[in-house]
Amino acid sequence: MNPGDRVRVDRADRTYEGVLLPSSTDEQLVVKLEGGYNVGVDRKRADVEVLAEDVYEIDGTDSTGADETGSEIEFDDDLPTISLISTGGTIASTVDYRTGAVTAQFDAEDVLRAVPDLAGRANYRGRVVANILSENMDPPIWQDLADAVREEIEAGADGVVVMHGTDTMQYSASALSFMLETPVPIVFTGSQRSADRPSSDNVMNAVSAVEAAKSDCAEVMVCMHATESDDRCALHRGTRVRKNHTSRRDAFETVGAEPLGEVDYETEEVSFRRDYQQRGDTDLAIESDLESDVELLKFTPGMDPAFLDVVEGSEGLIIEGTGLGHVHTDLIPRIEDLIADGTTVVMTSQCLEGRVCDRVYDTGRDLLEAGVVEAGDTLPGTAKVKLMWALENSADVEEAMGTSLAGEIQERSVPWE
């Protein structure tokens, strides 16, 4: 039997029928079922019957799933050049049928093979910066990613698409927003559901991200499903986006405003509803130094002041306070000590919308007197990344944290719905 054969697999009291696919190991059979799902079966414990040969054309692959002949990407002078940079994540993942877990395995060229709809939209350059699930992302990889994006733009890319796991995508998008001045679009995209699942969002997200990377918006954006349907993708500014659902395809939202724009999947039209930086309006520049010794702490009622001992000596601390930016009054003396010892302490709010204002209540005034810096309506995660950047690149950190550098602070905090 060979990949592409229709087979019936009997194992214990279960029978599977479908098309035999290439397997990443010799011990496993992989069968694509009629419903679209793939199933892995232990080869030694299964009885296999070939029902029909070569019913489905499967490209030649070796035991690791790599294309034996490699991939050739034709160049068309009439098309823009888009760089595809892979960091791993579900959009570039397959299922390990030994464990049943989703693992990051594909590089950028694998994504081109996995998403044929990308063909004919652009000329592609591909490179891998990392091959990790996004919970393993860290600041040194952000720096590698920023360097890679800079190199791709210097090499002539008209836009960059970064394929990234969704769990920490908002942090990486924020990091590049502060690190890079870009004359072309930089678009992050990912997938909530792996390509093995019929409900996968990888194709629409990838296609829409490429269309956004061809647009005139020279900013760092996140491109993900705008609704649960396969109709359009939202384009979120990299410093204002948040993942608000664990598994829905439309998990990402722009906090406190409408998304920057959207991509209509059917018409392939890219439209924007808010002002943005135009393509070519700025020269390429990079400031990628980061201070990694910055922590983010969420205040909750009853918190032991001893929690602040953990961050003693840190260069920076972001606090998610309640409401307008408050903590229990018992914490204020310890916060004042941290500031006196050289830690920059920045206040954000754990509310989803609105801005910090510590001049309204006594607690807030005490925090300001202690030296706490207000971050406006900057999202807590964005504030952490910004402080890491500001401590290394800004002469006046307090002024930088209160100034919108990459769209992270809005002029007004008003309901937009």
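Helix α4 (residues 202-213) lies across β6 (81-88), β9, β10, β12, β13 (220-225), β14 (232-237), β17 (261-264) and β18. Its direction is about 150° to β13, with axes fitted to C-alpha atoms, for helices over the stretch in contact, and angles running from 0 to 180 degrees between N-to-C directions. Helices (H or I, at least four residues) and strands (E, at least two) are DSSP runs, numbered from the N terminus. This is a predicted model, in which local features need pLDDT of at least 70, side-chain atom pairs count only at pLDDT 80 or more, and totals for chains, interfaces and linings use all residues. Residues are numbered from 1 along each chain as its sequence is written, and side-chain values use heavy atoms, without hydrogens and water.

**Confidence**
- The average pLDDT of the protein is 86, and 84% of the residues score at least 70. pLDDT is the predictor's confidence in each residue, from 0 to 100.
- Over residues 59-72, pLDDT stays under 50. The model has 13 contacts (heavy atoms within 4.5 Å) beyond four places in sequence for this stretch.
- Where pLDDT is low, the predicted coordinates should not be read in detail.

**The sheet**
- An open sheet holds eight strands, in the order β9-β6-β10-β12-β13-β14-β17-β18, with mixed pairing. Two strands pair if DSSP finds at least two bridges between them.
- Its edge strands, β9 (123-132) and β18 (270-272), each pair on one side only.
- From one strand to the next, the twist averages 25°.
- Strands β10 (residues 159-163) and β12 (residues 186-189) pair in the parallel sense, over four bridges. Valine 162 stands opposite phenylalanine 188 in β12.

**Helix α5**
- Ile332, Arg334, Ile335, Leu338 and Ile339 are the buried residues of α5. Buried means under 20% relative accessible area, exposed over 50%, partly exposed in between (1.4 Å probe, protein chains only).
- These residues fall within an arc of 160° seen down the axis of α5, so they line one face of the helix. The arc is that of the directions from the helix axis to the C-beta atoms.
- Their cover includes β21 (316-321), β22 and α6.
- Just after α5, glycine 342 has a positive phi of about 110°.

**Helix α6**
- Thr363, Gly364, Leu367 and Ala370 are buried in α6 (residues 362-370). They sit on the same side of α6 because they cover an arc of only 120° around the axis.
- Exposed Asp362 and Glu369 are on the face turned away from the buried side of α6.
- α5 (332-340) and β22 (344-349) are among the elements covering the buried residues of α6.
- Glycine 371 follows α6, with a positive phi near 110°.
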